[in-house]
Amino acid sequence: MSGTLIIAHPVRSAALRVGPVRIAIVGKGGAGKSVISGTAARLLARRGGKVLALDSDPMPGLAISLGLGPLTEPFLEGAAEQSDDGRWRLRKGIGAARAVQRFAKVGPDGVRLLQFGKATPEGLGPIMGSLNAFFQVTHRLATTGVLREWNVVGDLPAGPRQAAFDWAPYADTFLVVVEPTWKSILSARRIARIATSRAGTVALFVANKVHGSSDVKLIEDRLGTAAFGAVPADPAVIEADRRGAAVIDETPACPAVTAIARLVDQLMRA
Amino acid sequence: MLGELRGKRDLLICDLEAGVGTLLRLQPDQADRVLVVTEPTSKSIEVARRAASIASERSTVTVVANRIRSEEDESIIKSALPHYDLVLVPEEPAIVSADRQGLAPIDVDPQAPGVLAIVELGRRLMN
């Protein structure tokens with residue numbers, strides 16, 4: 001049984017979402033996943049919800065876009081232990097709620113960030129404990145009572161691999177970020193198909209870095225479906241990225257942040 | 001596969017996926033040179049630092065600084081990655097336009113400065 005690859009029009013529904021927003025952001029490298037993830041997480045928190053941001057990319061990104069700066073350490077190192085057979089597991093007494101409470105960094109607007117760490121010159125070996133703890137925490141989020149009302153925003157690495165290997169089990173919605181280029185559109189279609197192979201999930205396409213409605217139309221024509229939302233190409237995003245800062249802190253009223261705010265509102269209603 | 005192909009072709013160019021996952025599996029004798037492509041943003045430079053460090057244990061590294069708009073951009077890259085051979089590619093509207101059309105930049109505008117910078121990089125690699 002597979003999930004649904006579709007794709008809601010912005011005005012699809014005026015009904016209020018029953019539960020919190022639980023999304024994973026996917027797309028081709030450079031599409032703008034981290035900027036949209038970090039900004040959306042901040043805006044969800046400003047709308048009054050508790051927000052957990054999950055960075056499962058072994059390369060730096062989300063912490064910067066959240067306004068926390070270039071954090072690279074493996075947050076969950078102390079949450080994991082290795083059994084005699086070499087397998088990693090969460091330490092006794094640590095579940096998803098305690099992991100969030102004890103190991104998440106608190107960012108601007110009260111957003112909690114969990115990350116497993118970043119790849120080292122020796123690869124992922126040195127952070128394997130944190131990585132395994134992170135994976136297990138993500139798989140317990142849905143069944144952890146005190147986290148049930150939390151919004152969750154997951155920033156996945158480029159490509160379809162993590163979506164295929166169930167790194168975002170908390171997500172009912174995959175936001176597929178797509179630029180108006182052939183490479184990005186072809187990747188987005190493929191990633192969306194793979195991400196929604198899990199039952200009960202939907203993929204919503206977000207046209208990013210667009211120069212006007214003609215770019216949105218180009219993306220929609222090539223995808224064969226409507227975009228859920230669009231974020232304009234915005235020099236403010238480029239400038240913030242160059243300075244290693246969050247665009248929502250640097251230029252809060254810029255067109256890109258305004259568009260992401262609209263996306264967040266749509267997600268809360270979707 | 002890279003190991004099997006070595007010596008059987010005059011030239012082999014391999015476009016690796018984003019990040020360092022594939023790079024970590026590269027063996028020391030499988031590539032004559034690794035090009036680490038970066039942009040003047042803190043995220044991209046942080047990734048490039050890691051990639052260049054990993055690659056330099058396996059091969060010779062050239063950092064390709066892409067989308068360079070100013071001398072300030074150039075100096076950001078140089079100060080962040082000071083110990084590597086460096087090639088600069090300017091911000092190039094022709095490359096953006098080609099990407100949108102699904103075409104090769106060298107076919108769209110072979111004389112564009114960004115394209116010429118990449119052509120020159122190719123010449124350097126062949127010599």
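Select helices H1 and H10 of chain A and look along the line between them: H1(A) passes H10(A) in a right-handed crossing, where right-handed means that the near helix is turned clockwise from the far one by less than a right angle, and left-handed that it is turned anticlockwise. The model is a predicted one, in which local features need pLDDT of at least 70 and side-chain atom pairs count only at pLDDT 80 or more, while totals for chains, interfaces and linings use all residues. Residues are numbered from 1 along each chain as its sequence is written, and chains are lettered from A and ligands numbered from 1 in the order in which they are written.

**The helix pair in chain A**

H1(A) covers residues 33-46 and H10(A) residues 255-269, and the two pack at an angle of about 65° with their axes 9 Å apart; axes here are lines fitted to C-alpha atoms, for helices over the stretch in contact, and angles run from 0 to 180 degrees between N-to-C directions. Helices (H or I, at least four residues) and strands (E, at least two) are DSSP runs, numbered from the N terminus. Next, show the side chains of Ile36(A), Thr39(A), Ala40(A), Leu43(A) and Leu44(A) on H1(A), together with Val257(A), Ile260(A), Ala261(A), Leu263(A) and Val264(A) on H10(A), which make the contact; two residues are in contact if their C-beta atoms, placed from the backbone, lie within 7 Å. By class, this contact has nine nonpolar residues, one polar and no charged ones, with Ala, Val, Leu, Ile, Met, Phe, Trp, Tyr, Cys and Pro counted as nonpolar, Asp, Glu, Lys and Arg as charged, and the others, Gly among them, as polar.

**Ala256(A)**

Stay on H10(A) and select Ala256(A), which is found in that helix. Ala256(A) counts as buried because it has 25 C-beta neighbours inside 10 Å; the cut-offs, with C-beta atoms placed from the backbone, are 20 or more others within 10 Å for buried, 12 or fewer for exposed, and partly exposed in between. Leaving aside residues up to four places away in sequence, Ala256(A) touches Val231(A), Pro232(A), Asp234(A), Ala236(A), Val237(A) and Val247(A). The C-alpha atom of Val231(A), 25 residues away along the chain, is separated from that of Ala256(A) by 5.5 Å.

**Strand S7 of chain A**

Now select residues 151-155 of chain A: all five residues of strand S7 are buried, so the strand is largely enclosed by the rest of the structure. Both of its faces are covered, with Asn151(A), Val153(A) and Asp155(A) buried on one side and Val152(A) and Gly154(A) buried on the other. Strand S1(A), residues 22-27, runs parallel to S7(A) and is joined to it by four bridges, and Arg22(A) has Val152(A) as its bridge partner. Strand S2(A), residues 51-55, is also parallel to S7(A), with five bridges between them, and here Leu54(A) stands opposite Gly154(A). Strands are taken to pair if DSSP finds at least two bridges between them.

**Chain A as a whole**

The C-alpha trace spans about 60 × 45 × 35 Å along its principal axes, and buried residues make up 53% of the 270 residues.

**Across to chain B**

Which elements of chain B give two or more residues to the side that touches chain A? In total, 17 residues of chain B are in contact with 20 residues of chain A. The elements in question are helix H2 (42-56) and helix H4 (93-101) of chain B, and H2(B) gives the most, with seven residues. Colouring this side of chain B by class shows six nonpolar, five polar and six charged residues.

**The sheet of chain B**

Finally, select the three strands of chain B, which form an open sheet in the order S1-S2-S3 with parallel pairing. S1(B), residues 33-38, and S3(B), residues 85-90, are the edge strands, each pairing on one side only, and the twist averages 25° from one strand to the next. S2(B), residues 60-68, pairs with S3(B) over five bridges, and Val64(B) stands opposite Val87(B).
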